[in-house]
Each structure stands twice: as C-alpha cells, then as structure tokens.
Amino acid sequence: MILYQPIIPTDGIAGWKFLQSTYDKQFDTFSKDPVLSRESDYFLENIGKVKTASDLVKDTRLLGIALGAFGLDDQLPMKALVQRVLEDGSSADDALAVDCH
C-alpha cells in the first residue's frame with residue numbers, strides 16, 4: 001500500500017500547471033517513500049521464487065504488491081479468483097480473462 005498522494009491544490013488547468021511545475025520535487029518525494037522502498041525490495045527479492053500462480057497467491061504480501069501495481073488492490077481477498085485467472089490465461093474459450101489484443 002503506497003501512502004503517498006500528489007499535491008494538487010486546485011482542479012482544472014491551474015492544478016495541472018501546478019503539478020507540472022512541481023513534478024520533479026513530488027516525484028523525488030514519492031520515490032523516497034519508505035513504504036514504497038520496502039515493498040520494492042521485498043518484491044525484487046521474492047518474485048524470482050514464484051514459479052506458479054499458486055506460489056504467488058500463497059504470499060499475500062507479494063500478491064498485494066503485484067495487484068497494486070495494476071490498481072487491483074481490492075482483489076487481494078479474492079485469491080481463488082486471481083489464481084484461476086492467472087492459471088487460465090486468456091486464450092481458452094472458457095477463460096475468465098479476455099485477450100484485448
């Protein structure tokens with residue numbers, strides 16, 4: 001779970017211009033976030049050990065990081081569904097996932 005939230009004091013074009021003018025500083029702050037650093041380190045140390053969908057689903061922390069990278073944090077409690085989607089792939093007619101390409 002990344003706790004950093006960019007600062008945008010207003011909406012519309014003024015907010016966009018503020019974000020553009022402070023991007024480098026905000027990105028640097030985001031990059032130094034200790035939670036992000038710990039999670040990145042954990043992911044890099046452990047993802048190579050994963051050989052199957054079952055391996056990934058068994059490691060709740062690793063699964064949370066992987067799902068979070070795609071904005072799917074809310075799917076973490078649905079481990080059986082995530083495992084099935086990963087195992088089925090997207091090419092079979094009865095697969096839950098669909099190949100969008």
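Arginine 61 lies over the face of tyrosine 42, 4.1 Å from the ring centre. A charge counts as over a ring if NZ of Lys or CZ of Arg is within 6 Å of the ring centre and within 35 degrees of the ring normal.

A word on the basis. This is a predicted model: local features need pLDDT of at least 70, side-chain atom pairs count only at pLDDT 80 or more, and totals for chains, interfaces and linings use all residues. Residues are numbered from 1 along each chain as its sequence is written, and side-chain values use heavy atoms, with hydrogens and water left out.

Now the aromatic pairs. Rings of Phe, Tyr and Trp (its six-membered ring) pair if their centres lie within 6.5 Å; planes under 30 degrees apart count as stacked, over 60 as edge-to-face, the rest as tilted. That rule gives 2 aromatic pairs. Take tyrosine 23 and phenylalanine 27: ring centres 5.7 Å apart, planes at 15°, so they are stacked. They sit 4 residues apart in helix α1, so about one helical turn separates them. Helices here are DSSP runs (H or I, at least four residues), numbered from the N terminus.

Phenylalanine 27 is partly exposed, at 44% relative accessible area. Its rings-and-planes figures with phenylalanine 30 are 6.1 Å and 45°, so that pair is tilted. Partly exposed means between buried, under 20%, and exposed, over 50% (1.4 Å probe, protein chains only). Tyr23, Phe27 and Phe30 form one aromatic cluster.

Last, phenylalanine 18, also in helix α1, residues 12-31. Beyond neighbours within four places in sequence, phenylalanine 18 contacts Ile7, Ile8, Pro9 and Gln26. Contact means heavy atoms within 4.5 Å.

Terms used: Helix = DSSP H or I, 4+ residues; strand = E, 2+ residues; numbered from the N terminus.
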